[in-house]
Amino acid sequence: MDKDPKKVDAARARANALTPAERSEIAKRAADTRWNKDLPEAIYTGEIEVGDAQLSCAVLENGIRVLTQSDMMRALGRSRQAKGRGFYDADVNLPAFLTAKNLKPFIPDELYVTSSQIEFRLPSGQKAFGYRAEMLPQVCEVYLKARDGGGLTKNQEHIAKQADILIRGLATVGIVALVDEATGYQRDRAADALARILEKFIAKELQPWVQTFPDVFYEQLFRLRKLDFPRETVKRPQYFGHLTNDIIYDRLAPGLREELRKTTPKLPSGRRKHHMHRKLTPDMGHPKLREHLASVTTIMRLSATYEDFKSNLDKIHPRYGETIPMDFGSEGL
């Protein structure tokens, strides 16, 4: 549509008549209008240390834990600074550090869904960009799998090295717990937090079966129990179920194992009708289980014996309701 020349001249004349201060105020109001979108606010903020990286983190008003985009970039050894949504590849919903074509065979399907950039507002009112905190170990796993599979380019090797440092740091404590502690969110949880946790973890309907426990979990468990790993069958020793309850479900969420037992009936043979993980919710229960499994598997790999593994596991992921064991050594006696 053609603009009226007289109106354009009048508008230009008004603009020329404005003082610098008036122009600045108009520009500020326009910027505020553009930026004041309906963004979730960070109600808790803090910093965590993972490996040799310092990461700014926040808990948003909707309960999502986030790490700032720029800090995640630096933690992964990326020198290029984050630039908001322009940093995305045009064809896929992935952040820049995952868009290299050689990485795609190592990226799980769920990462395409959960890796969306999150815009939020800091307590100061400033807009920020970030990613879900749970995404950091997933990204590290992509680079480590690519490295182990010989799929990295030369200029990606330093990222894999940094990912190795980060994943070892994350093995000391779950990323969500780190964020909650750093921001103070854990101190202000509602009194009915336990009921809310179980409601988010346990689904009302049975979920379709998908392979959830990776082969490496059982491979490491067989090694630590000094057993040969049978690759030609999926059968496991029956007592592995008791070990899994202890290693996984007793440490995943408070009261979770007991609630899952109530909702997963046993057959006359004594086996459960369904795998207990099929009662976990797809948006909370399964992601938390995968995160815990990744941490547990890392601890397994770093442990020489089952006793060594259990000692490390009790320190890093104690059962809910138990005190974390402390090693004071001879000087503490």
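**Charged pairs and a hairpin**

Author: Arg-147 is partly exposed, with 37% relative accessibility; buried means under 20% relative accessible area, exposed over 50%, and partly exposed in between (1.4 Å probe, protein chains only). This is a predicted model, in which local features need pLDDT of at least 70, side-chain atom pairs count only at pLDDT 80 or more, and totals for chains, interfaces and linings use all residues. Residues are numbered from 1 along each chain as its sequence is written, and side-chain values use heavy atoms, with hydrogens and water left out.

Reader: Which side chain does Arg-147 meet in a salt bridge?

Author: Its partner is Asp-148, at 3.4 Å from N to O. A salt bridge is a side-chain nitrogen of Lys or Arg within 4 Å of a carboxyl oxygen of Asp or Glu. Asp-148 counts as exposed, at 59% relative accessibility.

Reader: How many salt bridges are there in the whole structure?

Author: A search finds 11. Among them, Lys-127 pairs with Glu-119, with the closest N and O atoms 3.3 Å apart.

Reader: Are Lys-127 and Glu-119 buried or exposed?

Author: Lys-127 is buried at 15% relative accessible area, and Glu-119 is buried at 12%.

Reader: Changing topic, which way do the side chains of strand E4 point?

Author: In E4 (residues 118-121), Ile-118 and Phe-120 point one way, Glu-119 and Arg-121 the other. Strands (E, at least two residues) are DSSP runs, numbered from the N terminus.

Reader: What does E4 form with E5?

Author: The two form a hairpin with 5 residues between them. E5 covers residues 127-132 and runs antiparallel to E4, joined by 4 bridges.

Terms used
Pairing = 2+ DSSP bridges.
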